[in-house]
Protein chains: 4
Amino acid sequence: MTEGLKVVVIGGGSSYTPELIEGFIKRKDEILIREICLVDIPEGTEKLEIIKNLSERMIKKSRLNIKITSTFDRKDAINGADFIITQFRVGGIDARILDEKIPLKYNTIGQETTGAGGFANALRTIPVILDICKDIEEISPNAFLINFTNPSGIVTETILKLTNVKAIGLCNVPINMINMVAGIYNVDMDKVYIQFAGLNHLIWGMKVFIKSEDVTEKFLESYIKKAGALKNIPDFDWDPDFIKSLQMLPCPYHKYYYLTDRMIAEEKEIALKEGTRAQLVKKIEKELFELYKDPHLDTKPPQLEKRGGALYSDAACNLINSIINDKKDVQVVNVKNNGTILDLPEDAVIETNCIIDKRGAHPIQIGHVPAKIRGLMQIVKAYEELTIEAAVKGDYYTALQALTLHPLIPSAEIAKKILDEILKENKNYLPQFYNN
Amino acid sequence: MTEGLKVVVIGGGSSYTPELIEGFIKRKDEILIREICLVDIPEGTEKLEIIKNLSERMIKKSRLNIKITSTFDRKDAINGADFIITQFRVGGIDARILDEKIPLKYNTIGQETTGAGGFANALRTIPVILDICKDIEEISPNAFLINFTNPSGIVTETILKLTNVKAIGLCNVPINMINMVAGIYNVDMDKVYIQFAGLNHLIWGMKVFIKSEDVTEKFLESYIKKAGALKNIPDFDWDPDFIKSLQMLPCPYHKYYYLTDRMIAEEKEIALKEGTRAQLVKKIEKELFELYKDPHLDTKPPQLEKRGGALYSDAACNLINSIINDKKDVQVVNVKNNGTILDLPEDAVIETNCIIDKRGAHPIQIGHVPAKIRGLMQIVKAYEELTIEAAVKGDYYTALQALTLHPLIPSAEIAKKILDEILKENKNYLPQFYNN
Amino acid sequence: MTEGLKVVVIGGGSSYTPELIEGFIKRKDEILIREICLVDIPEGTEKLEIIKNLSERMIKKSRLNIKITSTFDRKDAINGADFIITQFRVGGIDARILDEKIPLKYNTIGQETTGAGGFANALRTIPVILDICKDIEEISPNAFLINFTNPSGIVTETILKLTNVKAIGLCNVPINMINMVAGIYNVDMDKVYIQFAGLNHLIWGMKVFIKSEDVTEKFLESYIKKAGALKNIPDFDWDPDFIKSLQMLPCPYHKYYYLTDRMIAEEKEIALKEGTRAQLVKKIEKELFELYKDPHLDTKPPQLEKRGGALYSDAACNLINSIINDKKDVQVVNVKNNGTILDLPEDAVIETNCIIDKRGAHPIQIGHVPAKIRGLMQIVKAYEELTIEAAVKGDYYTALQALTLHPLIPSAEIAKKILDEILKENKNYLPQFYNN
Amino acid sequence: MTEGLKVVVIGGGSSYTPELIEGFIKRKDEILIREICLVDIPEGTEKLEIIKNLSERMIKKSRLNIKITSTFDRKDAINGADFIITQFRVGGIDARILDEKIPLKYNTIGQETTGAGGFANALRTIPVILDICKDIEEISPNAFLINFTNPSGIVTETILKLTNVKAIGLCNVPINMINMVAGIYNVDMDKVYIQFAGLNHLIWGMKVFIKSEDVTEKFLESYIKKAGALKNIPDFDWDPDFIKSLQMLPCPYHKYYYLTDRMIAEEKEIALKEGTRAQLVKKIEKELFELYKDPHLDTKPPQLEKRGGALYSDAACNLINSIINDKKDVQVVNVKNNGTILDLPEDAVIETNCIIDKRGAHPIQIGHVPAKIRGLMQIVKAYEELTIEAAVKGDYYTALQALTLHPLIPSAEIAKKILDEILKENKNYLPQFYNN
């Protein structure tokens with residue numbers, strides 16, 4: 001075998017890629033790579049070229065012997081791959097703009113990963129990920145797929161339920177929560193341990209430890225005034241009584257569920273003033289790619305931080321590192337439940353603390369979760385399960401039940417209106433609903 | 001043993017009692033009763049007297065040898081009891097008016113059994129039912145308790161979790177759904193069989209049979225235009241696509257969940273025009289008691305129908321009949337889950353088809369329920385579990401989590417406002433929140 | 001549709017068939033039959049002919065209009081069938097003789113349904129039942145299959161796991177236990193209710209009721225001296241302390257598990273003196289068929305009772321009766337567990353009290369069973385699961401694990417010796433182990 | 001707080017203690033200890049004195065500042081304890097001799113931890129461990145209890161079910177299996193990773209990894225001829241076909257289950273020739289204590305190895321090390337199942353790979369186990385559950401069911417004879433069976 005890994009990045013033309021490149025460069029002593037192959041679609045030709053060139057300059061500066069390649073031929077890319085990172089978005093940023101705008105029209109949360117926006121995103125993404133997995137099963141069945149594509153939990157559950165691909169779902173929310181706690185306590189991230197349980201973008205920090213001491217209660221007191229780690233989510237304070245009653249650390253996305261009315265109001269106000277988050281991101285992206293073009297740029301520019309996705313590269317590189325080096329350390333990823341949380345189906349995907357070794361991710365047992373988080377976790381999981389079924393079959397009625405069940409959708413009538421508009425506006429990306 | 005049963009009715013001064021008396025008279029050949037003891041509280045003296053007198057006239061007319069007694073001394077009543085029927089409301093109709101009005105102020109469903117109103121009702125009721133059960137455990141541990149007191153599922157779960165009383169929860173919703181189907185098909189009720197699953201006031205008819213034939217699909221088509229069986233719930237049409245996607249018969253209370261926005265609008269409009277349902281009921285009750293006073297009245301007056309509670313007497317009498325005669329027939333009641341629905345906790349109370357025999361009610365196994373109904377069932381059950389815990393401990397923070405979790409409450413902030421107002425307005429009935 | 005049912009009996013040439021015919025004649029007012037089709041294999045030509053003729057004489061005497069047909073063409077028989085009763089034995093009585101003798105050679109229980117003998121029987125039977133089910137799926141997918149073929153629990157689990165046939169497993173053990181209790185109390189069988197739980201031939205009567213009263217404790221005291229209902233099992237007394245500690249009614253087959261050493265000794269002694277049970281049965285069968293030949297015989301001869309299988313016809317006819325008439329009464333049959341007993345896999349087949357209606361058999365929920373019966377139930381179920389897997393795949397190693405795990409097999413070494421001999425001696429009936 | 005840990009050893013007069021002392025000395029840089037307190041009973045005065053003196057000489061030689069104390073006052077010892085190691089045997093070596101001899105008389109396995117001998121041991125031990133735990137709950141509720149006392153799984157389950165003590169059950173079997181594999185591959189133990197599942201003394205190595213590579217299949221091939229790691233168990237070869245069919249690494253104690261007949265024969269032969277294992281141990285112990293007395297001896301003498309218990313000190317010290325230093329590494333210990341193995345009760349104790357941190361041991365999720373190991377695991381667990389219940393209540397009938405259920409006991413009749421003899425011969429240690 002040729003020495004070093006082949007890492008394939010599907011959606012390689014993303015503005016995030018330089019962060020990933022930087023992550024690999026930082027870990028050069030532990031992760032030996034022979035090739036990073038950036039895959040994208042012809043519509044993204046220009047971006048892919050820019051990213052490839054910037055990546056090559058970064059690698060050159062690092063004096064590493066990593067080949068950067070780019071291609072539209074996915075099968076060719078997958079061939080010989082050790083790790084395949086998926087970070088694509090079906091329909092690109094314009095589809096995301098619709099994911100945010102359509103739900104808002106009906107006075108519901110407009111967001112790319114949750115609510116009706118996340119639902120539309122899932123419908124578009126699931127057929128594509130299944131296609132990719134068919135290629136992996138055929139060409140590189142032993143490769144690990146590390147999925148960042150949103151909605152990450154739903155996408156990972158789709159893969160683990162319907163394919164044989166060795167997939168692990170990843171999200172930068174847990175690592176950012178750890179980072180936030182580290183910041184508050186002014187310690188390194190490795191001094192923070194959070195016992196998580198939940199679903200992707202619906203994860204609770206059940207216990208918080210600093211240097212092995214359980215500081216949960218104290219931390220929550222101080223936390224109340226300091227939330228707001230993620231760029232993609234508007235930020236404001238939690239009610240102290242609410243946090244006291246929850247006795248856990250909510251994730252940033254919990255605001256959509258616990259503070260729905262305020263979040264809708266805020267989203268509407270921002271959308272009116274400056275456009276939705278996706279519209280802003282589109283602008284940022286444009287500026288970023290202008291920067292990336294600069295033939296003298298050979299590092300990740302600091303402006304990338306505005307884009308969100310903080311620490312996502314660390315999440316991915318840490319995971320790959322622990323797999324190839326059989327580290328048996330604890331990381332927070334999306335895996336098959338298999339009884340870890342006894343209140344969710346065995347074949348559901350959950351996000352939780354796992355031991356990472358050469359074979360993959362092994363969840364640490366949780367058992368039953370408290371009723372206060374159980375109910376929300378269960379209804380969102382049922383929504384996710386129905387969404388996968390609807391997306392795979394292209395079944396209107398299952399889609400209607402999925403959206404109706406979503407706790408951010410106020411009624412079956414509104415669900416139907418939004419569903420109809422999603423299907424209409426995403427027609428090009430939803431062949432499964434039109435061709436059967 | 002003296003021949004015949006002693007049946008105790010706690011909340012015996014209710015306007016519903018004549019219906020119960022009529023039910024026993026109709027079944028005189030199967031249910032031999034020696035005494036019906038009506039229990040109430042001193043505040044209800046006048047009503048209790050009226051009901052007692054009317055009951056005596058009804059019994060006299062039937063030429064049966066049943067003694068009607070009335071008392072404020074619950075322990076005395078329970079002594080020697082075979083069946084204890086609980087149909088009281090803590091705080092009476094005025095408390096119910098508040099249960100409807102407070103939530104509506106915050107633009108949420110105002111209803112006596114679900115949403116924030118049902119929650120307030122549960123907080124008031126749970127300490128009282130536990131007191132009653134303490135008496136039963138002490139004085140008549142072998143008596144069956146048949147609970148009608150709302151929220152019936154939560155109250156029954158409280159009893160089965162925290163006491164040794166042999167309790168069965170009862171509700172007139174399932175029998176009315178059967179009756180409605182019978183009406184549509186123009187057959188007797190015993191020709192209709194519905195396979196139910198769910199929680200009290202959140203029950204789905206998963207399959208509908210007429211004369212042993214599965215007519216579910218056909219029935220749902222015809223049903224769409226004909227819903228609306230219960231007096232206590234405003235009536236309007238379901239969307240055909242929604243019913244088609246659900247593939248089940250929803251219960252009337254599902255409108256609060258599936259059509260929340262329309263139900264709130266409707267409630268507000270009615271409240272403005274004619275007062276809330278409870279205010280209307282108060283008026284009806286007043287008229288009913290005027291009628292009941294008539295010393296010539298010796299039958300249940302037809303006006304009682306306006307009150308709601310249709311067929312509730314049949315539900316209770318059928319249950320008693322099958323228990324004492326060991327009938328082993330199928331009835332729909334609230335029992336301990338014990339794995340019947342694998343997606344709910346083992347110690348949860350569910351409403352489902354049960355075999356009724358001398359020992360009580362034994363659920364027919366269901367297994368896993370479809371995802372489309374599972375999620376809603378699970379979140380409401382988690383809410384119920386927290387509500388019981390909050391009501392028993394008088395714990396503000398658990399109460400806040402309970403109400404926040406309820407799918408009819410839009411946010412933690414609104415939950416807090418409503419909770420604070422509930423605690424304030426129900427102060428006299430919530431000692432557990434004030435004395436600890 | 002032509003009026004009346006078509007009932008197909010696979011293994012129709014069995015000496016038991018006249019009992020079945022008698023059962024249908026007895027229930028003529030409730031079960032209308034147009035044809036009873038007896039299916040067998042060419043090796044059984046003579047017996048089939050004899051049975052057909054006797055059946056025709058019995059029907060003629062009853063003046064019913066039922067056509068008796070016989071065929072070797074299974075597909076033809078299945079066509080138009082409403083009920084298919086399977087009561088065949090692969091390899092016939094000679095295979096059963098081996099099932100009894102081989103295990104005994106190794107000082108282990110030799111029995112046609114449990115231990116190594118039942119295991120061999122399962123290996124031979126499973127491929128055949130799967131063939132039959134393929135025909136049913138293709139030709140009469142709506143027919144009910146009522147399986148008597150032993151080992152009945154394993155065979156039924158095979159069908160329900162691997163095919164879509166609507167199968168219910170049946171055994172005459174529960175009905176005989178009810179009959180025995182009725183006899184002891186001198187009441188009719190319908191005055192006895194036993195709450196059963198377990199697996200086929202490993203079923204415990206957890207509670208015993210006479211005329212709706214729980215008499216379990218008293219009954220067990222009196223029972224101790226009176227066991228021994230089934231002809232196929234040697235009979236002797238239970239130890240009073242053991243029954244007192246069990247607090248349940250064991251089934252006759254429990255002696256193989258609880259009194260293994262005595263049963264082996266007894267089997268060996270009988271085998272030496274008069275041959276194994278199968279050898280005796282072979283003799284009885286011969287005599288029976290001689291009797292059956294008599295052209296004047298037009299009723300079931302009393303000598304059939306010696307054969308065993310008491311009440312098996314009642315079990316089958318009662319089941320068919322309740323299905324076609326949607327009776328919703330309780331019968332004890334083998335069904336998919338589906339969570340009824342929480343300590344067994346969801347897809348396992350269990351034997352328990354079920355509601356019987358037009359759709360089939362619906363178990364009454366049990367929940368967790370006491371540890372004292374749980375462990376034995378679980379290990380036998382694991383053995384059964386492995387046996388099915390071994391029989392389907394023809395896998396030697398899985399077979400070795402299955403037999404090793406069986407609680408009646410004392411060690412892996414003996415398991416291997418017995419397995420090797422079973423495979424050798426049953427070679428003609430185990431193509432799956434030889435052709436792969 | 002005074003610096004360094006207080007470690008209490010209950011059964012401190014054991015001949016094993018010097019190994020423990022050596023273990024602490026070896027890890028002096030990671031585990032800082034201020035006091036090792038040896039607790040025993042007056043009957044063991046002489047041994048305790050000898051061990052204390054030897055320990056002091058060993059500590060002196062190591063130049064560490066650890067105080068060695070000894071006492072009969074358990075409460076005093078527990079006061080201030082950080083870790084309490086239980087390694088006592090109720091009734092001493094003479095009781096163990098009976099545990100081996102009584103079962104053998106009835107032709108069943110005679111062994112101190114499994115079969116009827118382990119059962120007798122459990123009956124004697126459970127009341128004592130509950131007394132100890134009452135003291136810990138009262139005096140040092142935050143101390144960790146590390147239990148070595150056999151039967152270790154049953155004892156740990158008793159503690160975790162019935163007390164609030166933070167207990168972890170430990171056994172040297174897993175570490176010896178790892179050591180054996182390391183020996184075969186000639187690598188250090190930390191290069192071996194075995195994925196275990198099961199119960200104490202009934203644990204399967206489901207997968208074997210060397211330097212992160214899965215070598216299970218290959219290893220099993222080579223293993224077949226090389227088993228036999230533990231001194232306390234006679235040694236001979238496994239059948240290659242059996243191991244091939246198991247596809248897992250059995251533990252040494254599996255021979256009692258899989259090769260019962262050979263093990264009984266071997267035990268009987270050895271007992272006849274040289275006495276039972278316990279009789280041999282008694283002799284070894286005597287010699288050891290003679291050696292220990294030598295005032296010049298200041299290290300663990302090599303002769304201790306003959307005693308068995310290899311690596312037990314490493315198991316204990318590694319566990320303490322990972323707890324106090326929050327290592328989050330993987331060790332194999334006995335913990336509450338809590339859904340880790342979905343086929344066992346949630347409150348059962350299992351032996352499996354756990355993450356060890358400051359809070360204790362957290363199992364890595366397993367899910368369902370294969371049927372071939374599931375059945376045996378389940379029946380032994382049911383036996384264990386009943387044994388605990390019998391021992392706590394002193395209930396003869398539960399004890400009879402427990403022993404009857406044990407897969408190493410051939411029948412209820414033999415169970416009764418053995419039980420009666422156990423109760424008679426252990427009368428002094430089983431007050432719970434005599435005083436109620």
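Reader: How many Å separate the centres of domain 1 of chain A and domain 2 of chain A?

Author: This is a predicted model, in which local features need pLDDT of at least 70 and side-chain atom pairs count only at pLDDT 80 or more, while totals for chains, interfaces and linings use all residues. Residues are numbered from 1 along each chain as its sequence is written, and chains are lettered from A and ligands numbered from 1 in the order in which they are written. Domain bounds come from an automatic or database domain assignment, which gives domain 1 (5–169 + 279–302) and domain 2 (387–434) in chain A. Taken over C-alpha atoms, the distance between the two centres is 25 Å.

Reader: Which helix gives the most to the side of domain 1 of chain A that touches domain 2 of chain A?

Author: The contact (C-beta atoms, placed from the backbone, within 7 Å) takes 23 residues from domain 1 of chain A and 20 residues from domain 2 of chain A. Helices (DSSP runs of H or I, at least four residues, numbered from the N terminus) that give two or more residues to the domain 1 side are H4 (92–105), H5 (115–139) and H6 (152–162) of chain A. With 9 residues, the one that gives the most is H5(A).

Reader: How many residues of the side of chain A that touches chain B are charged?

Author: In this pairing, 34 residues of chain A are in contact with 34 residues of chain B, and the largest share of the chain A side, 11 residues, comes from H14(A). Here Ala, Val, Leu, Ile, Met, Phe, Trp, Tyr, Cys and Pro count as nonpolar, Asp, Glu, Lys and Arg as charged, and the others, Gly among them, as polar. On that basis the chain A side divides into 17 nonpolar and 7 polar residues, and the number of charged ones is 10.

Reader: How far apart are the nearest C-alpha atoms of chain A and chain C?

Author: Chain A and chain C do not touch, and neither do chain B and chain D. For chain A and chain C, the nearest C-alpha atoms are apart by 13 Å.

How values were computed: Two residues are in contact if their C-beta atoms, placed from the backbone, lie within 7 Å.
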